[in-house]
Amino acid sequence: MKRTTDILRTAMQSLVNGGRGLVCLLLIALTMMVACEREPELHLHRGGSVNFKFPLINIELETYWNYEFDYGITYNWETEWYYGWDAIDAEVFGHIGYTEPTTFNLRRYFTGDKAYAPHTQVQAFTIEGHSFQGEFDWGFWDLLIWNDIHTLDGVQSLNFDETTSLDYVTAYTNQTMVPSRYQAPRYTRSFFEPEALFSVYSQAIEVNENLDGFEFDPERNLWIKRLDMMLEPVTYIYLTQVILHNNHNKITGVDGSANLSGMARTMNLNTQTAGSDAITVHYNVRLKNNCDMEGESVDIVGGRLMTFGMCNIDPNRIGRSETVNDNYHHYMDVTMQFNNGIDSTFVFDVTSQVRKKYKGGVLTVELDMDTIPVPSRSGGSAFDAIVKDYEDGGTHEFEM
């Protein structure tokens with residue numbers, strides 16, 4: 001994702017000239033999000049409502065998945081994504097990448113004359129649009145901002161814990177009814193995938209009587225303070241594809257259910273660091289026939305899922321020369337149906353791919369269906385096929 005600097009603009013105007021100290025009017029403009037104050041009451045510039053336009057973060061996948069794995073080699077996901085994305089995919093799974101949010105949440109924490117102090121109170125705001133204006137006392141402020149969630153059906157999976165501590169907000173989802181069998185030690189069921197979530201947090205923003213760090217805007221007759229704040233994703237998109245070579249109608253369908261294991265259960269919006277609990281994330285897939293893969297006609301089971309990423313890491317802060325490892329293996333399981341009506345669950349080890357693509361990307365496994373016999377057991381899953389990561393090469397054995 002191309003990072004253009006998120007800007008917090010605060011425009012300050014003196015309201016009180018004595019007594020307990022000056023109260024300031026700030027305008028905060030955000031590169032992708034804003035908020036609006038209800039308590040204390042919103043105060044606008046005397047000339048009327050102030051609206052700022054500002055550049056948006058580029059949320060295209062090719063600019064966010066800007067990996068350079070080895071010696072400057074740039075990752076181009078489109079060259080390895082053969083499943084495509086048609087109108088049915090968009091209807092079933094939604095947009096393939098991130099979409100720009102329009103509603104935002106702001107949490108303001110006043111720490112008085114002490115920077116980086118623990119939070120003792122919070123002021124909550126919600127706003128439509130890209131500007132914020134409100135009163136600020138002299139002293140230090142911390143600001144946390146994240147996008148509000150809107151879904152087509154009005155039902156969202158994301159929940160937010162703001163009561164455990166005033167010093168951070170935790171995002172999480174709940175469990176589904178789908179069993180979880182791999183690399184989710186504390187949980188017997190998989191979890192819903194979260195919606196797209198972005199956050200930014202800045203501490204020790206000083207508003208002082210000397211106007212240090214402020215500049216005057218004569219056109220608006222306002223003092224403006226610019227803060228570098230980058231709104232970044234804290235949920236990460238994976239595009240998965242199981243490529244079936246030489247299928248010849250051996251696999252005829254899927255039940256639409258798939259899972260990716262070893263992912264984080266929670267996300268700290270302040271630190272942008274994923275939690276330590278590993279879970280399995282449930283998502284949907286569909287089968288496409290006759291896809292073009294470099295001149296070969298293949299069938300592909302593809303899908304898209306959103307996760308909080310790997311446990312205990314902040315993908316936005318990992319240097320490109322670093323090696324990402326965790327304590328979990330990552331398995332992708334997909335249930336497919338053979339032409340005799342028997343369904344089977346295939347389980348693929350995609351650990352090396354997830355660790356390499358630590359902030360999302362394409363996860364690919366390939367099966368030569370000429371090497372896989374049609375199961376004969378009736379009812380339920382005929383077998384679990386534990387398939388090594390396709391990048392590891394070698395011969396795969398399947399126990400029937």
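## What Pro 194 touches

Leaving out residues up to four places away in sequence, Pro 194 touches Leu 158, Thr 173, Thr 235, Met 306, Thr 307 and Phe 308, where contact means heavy atoms within 4.5 Å. This is a predicted model, so local features need pLDDT of at least 70 and side-chain atom pairs count only at pLDDT 80 or more, while totals for chains, interfaces and linings use all residues. Residues are numbered from 1 along each chain as its sequence is written, and side-chain values use heavy atoms, with hydrogens and water left out.

Pro 194 sits in the loop between strand S10 (189-192) and S11; strands here are DSSP runs (E, at least two residues), numbered from the N terminus. At 5% relative accessibility, Pro 194 is buried (buried is under 20% relative accessible area, exposed over 50%, partly exposed in between, with a 1.4 Å probe and protein chains only).

S11 belongs to an open, antiparallel sheet of 5 strands, in the order S4-S3-S6-S11-S14. Strands S4 (123-128) and S14 (232-233) stand at the edges with a single partner strand each, so one side of each has no neighbour in the sheet. Two strands pair if DSSP finds at least two bridges between them; S11 and S14 have 2, in the antiparallel sense. Phe 198 has Pro 233 in S14 as its bridge partner.

## Two positive phi values

Most residues other than glycine have a negative phi. Ala 204, in strand S11 (198-207), has a positive one near 55 degrees. Asn 312 also has a positive phi, about 65 degrees; Asn 312 lies in the loop between strands S20 (296-307) and S21 (331-338) and is partly exposed, at 49%.

Technical notes. Helix = DSSP H or I, 4+ residues; strand = E, 2+ residues; numbered from the N terminus.
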